Amino acid sequence: RPRCHFEDITRADFYGFVVPFAIELRKLSLASKVPIKIRACDTMGYGVPYPGVALPRSVSGIIYGLQHYAGFPSEMLEWHGHNDFYKGVVNASTAWLYGASVVNCSLLGIGERTGNVPLEAMVFEYASLKGTLNGMDTSAITEISDYIVKETGYELPPMTPFVGRNFNVTKAGIHADGLLKDEEIYNIFDTKLFLNRPPLVAISNVSGLAGIACWINNYYRLTGNQAVDKRNPCIAKMKEWIDHEYET
């Protein structure tokens, strides 16, 4: 089915050009009985998700207008966003909430300039909004990320949510202490279950006894009675050595 790209829609004359053009497309679609999709493209990332924003930058206004003024139903509307102003994900979510049935994504958000909407981000956004993963296996996100990095040499920023190597790594001893007491205290969700990535601790001069104990337990997968407690004398000895290394 034809898909018409409304490029740069967040900088276009919405009522003077976008709506009249969409209405003519709708007429063609009805006359030919051929469904036509509209892909609303925020080509430069100018879209804004907040209520009350003026068109053409209002994401909600664009989707609402294409439905109610141009007559395009939800299933014929797509959102294509860029991340130039760090609004890629929230704009895509807003487009969903206001009636776009589809948002365009790329793996790891790879795309021109600052990138596009990351597919893995919208998987978790979908689950947050709908309350279900609808059969999706989120552990595949980790596999896909590892594959792309290995096969293409892509330099994945370490702080990237869900897939970066620092995503669920804590460095502060007080946070590690929380992980030891109850993982829910300082892990955003069950990362082992959903991403096959248990929470980790990076050892540094601020790790403290709890950080070292947490690292040992996670690295060697020690649980229950086998888990090492931060009060273990061996942990104190290791901390002395680590502190000495940082001092020198």
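**Notes on the predicted model**

1. Glutamate 78 and lysine 37 make a salt bridge, with 3.8 Å between the closest N and O atoms. Glutamate 78 sits in strand β3 and lysine 37 in strand β2, so this pair ties together parts of the chain that are 41 residues apart in sequence. Both ends are out of the solvent by the accessibility criterion: glutamate 78 is buried, and lysine 37 is buried as well. Keep in mind that this is a predicted model, so every distance here is computed from predicted coordinates.

2. Glutamate 78 has another partner. Its side chain also meets that of arginine 39 in a salt bridge, at 3.0 Å from N to O. Arginine 39 belongs to β2 and glutamate 78 to β3, so here the parts tied together are 39 residues apart in sequence. Arginine 39 and glutamate 78 are both buried.

3. For context, the whole structure has 9 salt bridges. One of them joins the side chains of glutamate 112 and arginine 113, at 3.2 Å from N to O. Glutamate 112 counts as exposed because its relative accessibility is 55%, over the 50% cut-off. Arginine 113, with a relative accessible area of 40%, is partly exposed. Elsewhere, shared partners link Arg3, Lys37, Arg39 and Glu78 into one salt-bridge network.

4. Now the sheet. It is open, has 4 strands in the order β1-β2-β3-β4, and the pairing is parallel. β1 (3–6) and β4 (102–103) are the edge strands, each pairing on one side only. Strands β2 (residues 37–42) and β3 (residues 77–81) run parallel and are joined by 5 bridges. Helix α2 (residues 59–68) packs on the sheet, where it touches β2 and β3, and its direction makes about 155° with that of β3. Within the sheet, aspartate 42 stands opposite glycine 81 of β3.

5. On to β1, which pairs with β2 in the parallel sense over 4 bridges. Cysteine 4 has isoleucine 38 as its bridge partner in β2.

6. Helix α3 (residues 88–97) has Gly88, Asn91, Ala92, Ser93, Thr94 and Ala95 as its buried residues. Those buried residues pack against β2, α2, β3, β4 and α4. After α3 comes glycine 99, with a positive phi near 125°.

7. Glutamate 120, in helix α4 (residues 119–130), is the one I'd like you to look at. Beyond four places in sequence, glutamate 120 is in contact with Ser106, Leu107, Leu108, Gly109, Ile141, Phe162 and Val163.

8. Asparagine 116 is in the loop between β4 and α4. Its relative accessible area is 13%, so asparagine 116 is buried. The asparagine 116 side chain reaches the backbone oxygen of glycine 81 at 3.3 Å and makes a polar contact with the side chain of histidine 82 at 3.4 Å. Setting aside neighbours within four places in sequence, the contacts of asparagine 116 include His80, Asn83, Ser106 and Ile110.

9. Last, isoleucine 203, which lies in the loop between β6 (200–201) and α8 (208–219). With a relative accessible area of 31%, isoleucine 203 is partly exposed. Not counting residues up to four places away, isoleucine 203 touches Gly211, Ile212, Trp215, Ile242 and Tyr246. The C-alpha atoms of isoleucine 203 and valine 149 are separated by 25 Å, with the two residues 54 apart along the chain.

Note on methods:
Residues are numbered from 1 along each chain as its sequence is written. This is a predicted model: local features need pLDDT of at least 70, side-chain atom pairs count only at pLDDT 80 or more; totals for chains, interfaces and linings use all residues. Side-chain values use heavy atoms; hydrogens and water are left out. Two strands pair if DSSP finds at least two bridges between them. Helices (H or I, at least four residues) and strands (E, at least two) are DSSP runs, numbered from the N terminus. Contact means heavy atoms within 4.5 Å. Axes are lines fitted to C-alpha atoms, for helices over the stretch in contact, and angles run from 0 to 180 degrees between N-to-C directions. Buried means under 20% relative accessible area, exposed over 50%, partly exposed in between (1.4 Å probe, protein chains only). A salt bridge is a side-chain nitrogen of Lys or Arg within 4 Å of a carboxyl oxygen of Asp or Glu. A polar contact is a pair of N or O atoms within 3.5 Å; within protein, one must be able to donate a hydrogen and the other to accept it, and residues adjacent in sequence count only if both atoms are side-chain atoms.
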